[in-house]
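I opened the model to look up a handful of things.

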Amino acid sequence: MIEIVLALAIGVLSASGVWLLLRPRTFQVIIGLCLLSYAVNIFIFAMGRLRVGAPPVTVSGLETPALYADPTPQALVLTAIVISFALTALFLVVVLAARGATGSDHVDGEEPRA
Amino acid sequence: MTDWLEHLIIGPIVLPLVVAAGMLLIDERRRIVKGVLSLAAMAAILVMALLLIHESATGAVDGGDVARVYRLGDWAAPYGIVLVADRLSTLMVALTGVLGICALVFSLARWDRAGPRFHILFLLLVMGVNGALLTGDLFNLFVFFEIMLAASYGLVLHGSGETRIRAGLAYIAVNLTASLLFLIGVSLIYGLTGTLNMADLATRIPDIAAQDRGMVHIGAAVLAVAFLIKSASWPLGFWLAPTYSAASAPAAAMLAILSKVGVYVILRLNALVFSAEAGASAGFGLDWLLAAGLATMLFGVLGMLATRDLMRAAAFAVMVSSGALLAVIGGGGTASLGAALYYLVGSTLACAALFLVAEILERGRDPGGDAGKAVFEDEYRDPFEDTERNDPGLVIPAAVAALGGAVILCTLMIAGLPPLAGFIGKVAMMGALMSADSVAGWMIVGMLAVSSLAAVISLTRLGVAAVWTRDEAAPNLVVGAGEFVGIAGLLGACILMSIFGETVLAYADHTAAWLAEPSAYIGAVLTGEGR
């Protein structure tokens with residue numbers, strides 16, 4: 001059950017993300033990138049295998065690694081979240097600058113000719 | 001190896017980071033201090049890179065090749081993160097150093113005043129590139145890639161202006177998407193092999209269960225798409241020409257190395273993970289690289305012939321050289337790879353020099369790209385700014401002669417005509433490919449010949465138009481002393497490469513042979529020998 005929910009979440013998020021990424025307005029592109037990065041973050045997390053109730057840190061005396069959740073993807077996902085968050089903020093600044101410089105929120109910097 | 005030499009590997013990463021962080025504390029108006037600091041840092045990086053080259057080529061007990069491994073926090077290899085300095089990575093670090101110092105000297109004449117925090121972004125870019133080249137861990141590679149890209153976003157926008165913002169917007173969107181693909185590829189590979197260390201990955205690839213092998217290949221392919229986007233391979237590289245031609249000249253010169261970092265990673269991962277020892281995965285994806293490389297070269301050639309702008313021609317020359325390298329990695333074999341590495345160094349230096357020359361020639365013709373506008377008015381205000389900003393300081397005499405000579409040298413290098421290094425590299429590559437006598441080899445030879453012809457036609461036409469038959473209305477050519485020194489440095493490096501062609505080519509050939517035998521690299525990382 002949990003696998004289906006997770007797979008659906010990743011699928012829906014990335015499908016919406018890709019669709020928004022290909023839209024003509026810069027705001028849509030930003031939201032698309034956000035959704036895609038959520039999908040990727042959950043995907044990284046899932047690569048550590050889905051376990052319920054498995055502790056991430058070993059206790060002394062109970063060192064069987066199979067009992068524990070894999071901590072590496074959790075560390076990776078933290079790094080990925082921080083980086084994509086920072087870069088989205090940076091992208092937002094550039095989008096604002098583009099809006100100011102070109103007077104349009106179209107990704108080409110000009111309204112399409114009708 | 002003495003103690004301080006052991007820590008030398010991390011120097012090219014830590015030094016620019018520390019200097020850049022320290023510079024944040026210095027007021028933006030104290031340009032001389034900042035310029036001197038970043039010049040000193042770049043010079044130190046170059047010296048460190050040369051020491052590392054010497055060490056990696058002669059450091060073994062028997063005086064042969066060695067991969068020096070630096071364990072961060074002294075954690076043993078598959079668990080901790082390692083930095084690895086071998087022949088290939090140190091060569092690339094040295095190339096970055098030469099390119100960086102020349103672009104920096106060039107920028108001191110004029111461009112470092114065109115916007116805030118230029119030196120900091122510049123040093124962080126160098127840090128990211130060096131980190132990506134030296135790391136031996138896939139996720140760490142991602143982090144350094146992001147540092148490098150974040151700094152490059154800033155540098156692309158440096159100088160501001162509408163053209164740059166528009167080009168930067170597309171550049172950032174494409175690269176953010178590529179970074180997400182990078183993450184998907186890395187995590188797929190981790191999920192199936194349980195390791196992120198490149199050397200450890202190489203040892204685990206032959207033992208992958210048959211039902212998992214397809215997924216590992218998908219992971220590797222997704223990862224490769226991310227790097228192909230960065231190396232501007234066709235059809236993923238349409239962002240390159242508008243971005244590089246819009247960027248300010250020193251930034252564009254540094255961006256020339258960025259696309260080569262993508263090529264470097266593809267070469268490194270192919271040589272390690274899909275080497276001849278990789279069992280059923282040996283040589284995975286090489287045909288795709290060959291096809292992508294040839295298509296990139298063709299696209300670059302057509303772009304060069306079609307463009308009417310020297311900056312753009314330089315950007316397409318970057319694409320052609322990336323394409324040639326990808327094609328040789330895919331279909332060339334070890335013998336031609338050595339020559340291709342020599343060509344990589346020469347063509348990167350020449351393309352960077354061409355960006356610098358082209359910017360001076362086209363100055364004043366590009367209303368969108370003037371250096372006098374800031375992104376945010378309050379960000380950068382200086383009472384002297386308008387007179388001082390466009391003043392190059394000391395000006396050299398005979399600007400037309402100097403620029404004309406520089407254009408000729410760049411053309412000779414990029415087209416691969418004698419007597420310069422471009423010729424040596426191309427002939428060595430063609431010779432090796434012809435003696436291999438494969439269909440792939442002959443296709444690459446053909447494309448190399450076509451690309452030379454296109455480069456001659458395009459660069460001579462644009463060069464003549466820009467230097468000798470200039471528009472009467474165009475402003476007079478002015479070359480600042482710093483600008484001249486920067487260009488002369490890059491072209492001087494090309495000339496040195498030609499004079500000492502045999503030595504450099506022998507080094508490149510040794511590097512290709514070293515890459516063909518990944519066991520020494522893997523052993524050094526996993527057993528901790530040569531730490």
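The entries below go from whole chains to single residues.

I am working on a predicted model, in which local features need pLDDT of at least 70, side-chain atom pairs count only at pLDDT 80 or more, and totals for chains, interfaces and linings use all residues. Residues are numbered from 1 along each chain as its sequence is written, while chains are lettered from A and ligands numbered from 1 in the order in which they are written.

**Chain B, overall.** I looked up the secondary structure of chain B and found 21 helices and 2 strands. Here helices (H or I, at least four residues) and strands (E, at least two) are DSSP runs, numbered from the N terminus. I then checked the radius of gyration, which is taken over C-alpha atoms; the globule rule is 2.2 Å times the number of residues to the power 0.38.

Next came burial. I call a residue buried if 20 or more other C-beta atoms lie within 10 Å of its own, exposed if 12 or fewer, and partly exposed in between, with C-beta atoms placed from the backbone. In chain B, 60% of the 531 residues are buried. For contacts, the C-beta atoms of two residues, placed from the backbone, must lie within 7 Å. Of the contacts in chain B between residues at least 6 apart in sequence, 81% join residues at least 24 apart.

**Chain A, overall.** I found 3 helices and 0 strands in chain A. The order from the N terminus is α-α-α. The radius of gyration is 19 Å, well over the 13 Å of the globule rule for 114 residues, so chain A is more spread out than a compact globule. I noted a C-alpha box of roughly 70 × 25 × 15 Å along the principal axes. Buried residues are 26% of the 114 in chain A. Of its contacts with a separation of 6 or more, 52% are between residues 24 or more positions apart.

**Where A meets B.** I listed the contact: 26 residues come from chain A and 23 residues from chain B. On the chain A side, helix H2 (26–46) and helix H3 (71–102) each supply at least two residues. H3(A) gives the most, with 15 residues. I sorted the chain A side by class and got 21 nonpolar, 5 polar and no charged residues. The classes are: Ala, Val, Leu, Ile, Met, Phe, Trp, Tyr, Cys and Pro nonpolar; Asp, Glu, Lys and Arg charged; the others, Gly among them, polar.

**A helix pair in chain B.** I took helix H2 (residues 11–23) and helix H5 (residues 118–134) of chain B, which pack at about 160° with axes 8 Å apart. Axes are lines fitted to C-alpha atoms, for helices over the stretch in contact, and angles run from 0 to 180 degrees between N-to-C directions. H2(B) and H5(B) are therefore roughly antiparallel (over 145 degrees; under 35 is roughly parallel, 65 to 115 roughly perpendicular, the rest oblique). The residues of this contact include B:Pro12, B:Ile13 and B:Leu17 of H2(B) and B:Leu123, B:Met127 and B:Leu134 of H5(B). They divide into 13 nonpolar, 3 polar and no charged.

**B:Val216.** Buried or exposed? I counted 22 C-beta neighbours inside 10 Å for B:Val216, so it is buried. B:Val216 lies in helix H9 (residues 210–230) of chain B. Leaving out residues up to four places away in sequence, it touches B:Ile189, B:Leu192, B:Thr193 and B:Ile208.

Most residues other than glycine have a negative phi, and most peptide bonds are trans. I looked for exceptions.

- The peptide bond from B:Trp234 to B:Pro235 is cis, with omega near 0°. B:Pro235 sits in the loop between H9 and helix H10 (240–246) of chain B.
- B:Pro418 and B:Pro419 are joined by a cis peptide bond with omega about 10°. I found B:Pro419 in the loop between helix H16 (399–415) and helix H17 (421–436) of chain B.
- B:Asp74 is not a glycine, yet has a positive phi of about 60°. B:Asp74 is exposed, with 9 C-beta neighbours inside 10 Å.
- B:Ala232, also not a glycine, has a positive phi of about 60°. B:Ala232 is in the loop between H9 and H10 of chain B and is buried, with 28 C-beta neighbours inside 10 Å.
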